[in-house]
Amino acid sequence: MDKMWAGRFSKALDKEADDFNSSIHFDCKMYKQDIHGSIAHAEMLAECNIISMDDRNAIIKGLMEIERDIDSGSLPFDFDAEDIHMFIEAELTKRIGDVGKRLHTARSRNDQVALDIRLYMRDEANEIISLIRKLLCAILNQAEKNKETILPGYTHLQRAQPIMFAHHLCAYAMMFMRDIGRIEDAVKRMNLSPLGSCALAGTTYETDRKSVARKLGFDGITLNSIDGVSDRDFCVELMSAFALTMTHLSRFSEEVILWSSWEFKFVELDDSYTTGSSIMPQKKNPDMAELVRGKTGRVYGDLVAMLTILKGLPLAYNKDMQEDKEAIFDSSETVKKCLSIFAPMIETMTVRKDKMYAAAGEGFINATDLADYLVKKGQPFRSAYKTVGQIVGKCIAEKKTLETLSLPEYKEFDNLFEEDLYAEIDLRNCAEKRISAGGTSVASIEVQLDYIKDFLYGSK
C-alpha cells in the first residue's frame with residue numbers, strides 16, 4: 001500500500017522500519033470510533049460548504065459499508081497499512097474513488113487520533129463503570145445476607161474487635177463507589193473534541209468544530225489547537241483511576257485468599273472460580289483472586305509507562321505518543337477482565353458464619369469493651385486499660401477466655417466488676433454497641449446499605 005505521505009520521498013520506507021513505525025496491529029481497535037468521527041467530520045464539511053452534499057453522501061455511505069464489512073469479518077484489516085486511519089481512508093478511496101480523498105480536508109491525523117482515543121476511552125470508561133456497579137451489586141447482596149454475621153475485625157492482621165461481616169464488605173463498597181466517581185470526573189475533563197485542531201495550528205477553512213463536537217456527544221471543544229493534539233492528560237487520569245480500582249480489587253483479593261485458606265475457612269469460593277493442583281488432589285486454589293492481585297502490577301506498569309512517555313515531550317505531537325495506545329488499551333482491558341471475573345466470584349462465595357464466629361471468640365477481641373465497662377463504672381480509661389491487660393495476661397497463662405473467667409477472679413483485679421460484665425463482653429453486644437455513625441452496629445450498617453442502594457438505584 002502506498003503511503004499517504006509518499007509524495008515527499010524518493011524511496012520506499014525500509015520494511016523493518018515500516019513495521020516498527022506501524023500501529024495498525026493495536027490501533028485497529030478504534031475502527032468504529034475512527035469511522036464515526038469521520039462521518040461527523042464529513043457532515044460538518046458539507047454544512048460549511050467545503051464539500052458538496054453528493055460527496056458527503058458518498059463518503060458517509062462508503063464509511064458505513066466499511067464499518068459493516070469489518071463488523072461481519074468480510075473486510076480484514078490490512079496490516080501493511082500504517083495505522084487504522086490510513087487503512088480506512090485507503091479503503092474508502094478504493095471504493096468511491098477520488099471523492100474519498102476529500103474526507104481529510106481540514107483535519108490531520110494528529111487531531112484525528114486525538115479524537116479517536118477520546119471516543120474509545122469514553123466507551124471503555126462507561127463499560128468499566130458498568131462492571132464496577134455489578135461488583136457493587138454483588139457486595140450489596142452478600143452484605144444484606146450478613147448484617148448480623150460476627151467477624152473478628154483486624155488491625156496489623158491481628159484480631160482486634162468484633163464487627164459484622166456486612167460492615168467489612170461495606171468498606172469495599174465505599175472504595176468502589178469512589179472509583180466510579182474518579183472515572184466519571186476524568187471523563188468530564190476528557191469529553192472535549194480536539195477535531196479541527198489539525199496538525200497543531202488549526203485550519204484556514206471556515207469549519208464548525210462545535211457542530212462536530214455535538215454530533216459526537218462531546219460537551220465542547222478544546223480551546224487550544226496545540227493542546228488539542230498533544231494532550232494525553234486524560235489517559236493518565238483514567239489510568240490512575242484504573243490503577244486505584246485495581247488496588248482495591250487487589251486488597252479484596254488478598255482477603256478472599258486468606259479467608260478461603262484452611263487457616264481461616266471464613267469463606268468457600270465456588271468451584272467455578274477455583275482450580276486444582278496437578279499433583280495434590282486435595283487442593284482448591286483461589287487462582288482467580290490471585291490473578292487479579294497479580295494483574296494489579298500490570299496496570300500500575302501501564303500507568304508508569306504513560307507518564308514516562310509524556311514526561312519529556314516538547315509540544316506539539318511527537319511519534320512517541322503512538323505508544324500511548326498499547327498502554328491504555330492494556331490497562332482498560334485488564335481492569336475489565338478482572339471486574340468481570342470478580343463480581344460473580346463474590347456473588348457465589350459461601351460465607352462460613354460458624355467459622356467467623358468461632359474465630360471472633362478467640363484472641364480477646366472484646367478486651368476494649370471490658371475496659372469500657374470499667375470506665376462506665378468511674379475508672380479512668382488508662383487505668384482500666386492496664387487492669388484489663390493484666391486480666392488478659394492471666395487468661396493467656398491459664399488458657400482461659402474473658403467469658404470463662406469467674407466473677408471472683410475478676411474481683412481479684414477490681415471490685416467494680418459485677419455479674420453484668422458478661423453481657424458487656426458478649427460478642428454480639430460488643431458489635432451492636434458501636435452506635436456511632438459509620439460503626440458496625442446493625443443500625444449503622446442499614447444506613448450504609450441504604451447509601452449503597454441509593455448510589456446504585458437512586459432514591460425510591
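Q: Which residues lie nearest the centre of the largest pocket, and how many line it?
A: In this predicted model, the largest pocket has 17 lining residues, and Gly153, Tyr154, Thr155, Ile163 and His168 are those nearest its centre.

Q: What is the volume of the largest pocket, and how does its lining divide by class?
A: The volume is about 320 Å³. The lining comprises 8 nonpolar, 6 polar and 3 charged residues.

Q: Turning to helix 10, at what angle does it pack with helix 6?
A: Helix 10 (residues 233-259) and helix 6 (residues 109-145) pack at about 20°, and their axes are 12 Å apart. Angles under 35 degrees count as roughly parallel, and the two helices are therefore roughly parallel to each other.

Q: Is the crossing of helix 6 and helix 10 left-handed or right-handed?
A: The crossing is left-handed.

Q: Which residues meet there?
A: Helix 6 contributes Ile117, Arg118, Met121, Ala125, Ile128, Ile132, Leu135 and Ile139. Their counterparts in helix 10 are Phe234, Cys235, Leu238, Phe242, Thr245, Leu249 and Phe252. By class, the residues of this contact are 13 nonpolar, 1 polar and 1 charged.

Q: On to the backbone: which peptide bond is cis?
A: The bond from Leu315 to Ala316 is cis, with omega near 10°. Ala316 belongs to the loop between helix 11 (287-310) and helix 12 (324-347).

Q: And what is phi of Asn49?
A: Phi of Asn49 is near 60°, which is positive although the residue is not glycine. Asn49 sits in the loop between helix 3 (31-47) and helix 4 (53-72).

Notes: Residues numbered from 1 in each chain as written. Predicted model: local features only at pLDDT ≥ 70, side-chain atom pairs only at ≥ 80, totals over all residues. Heavy atoms only, no water. Axes fitted to C-alpha atoms, helices over the stretch in contact; angles between N-to-C directions. Helix = DSSP H or I, 4+ residues; strand = E, 2+ residues; numbered from the N terminus. Parallel < 35°, antiparallel > 145°, perpendicular 65-115°, else oblique. Left-handed = near helix turned anticlockwise from the far one by under 90°. Contact = heavy atoms within 4.5 Å. Nonpolar A, V, L, I, M, F, W, Y, C, P; charged D, E, K, R; others polar. 1 Å grid on protein atoms, 1.4 Å probe; cavity = no way out; pocket = protein on both sides within 12 Å on 5 of 7 lines; lining within 4 Å. Points joined across faces, edges and corners; volume = space filled by probe spheres on them.
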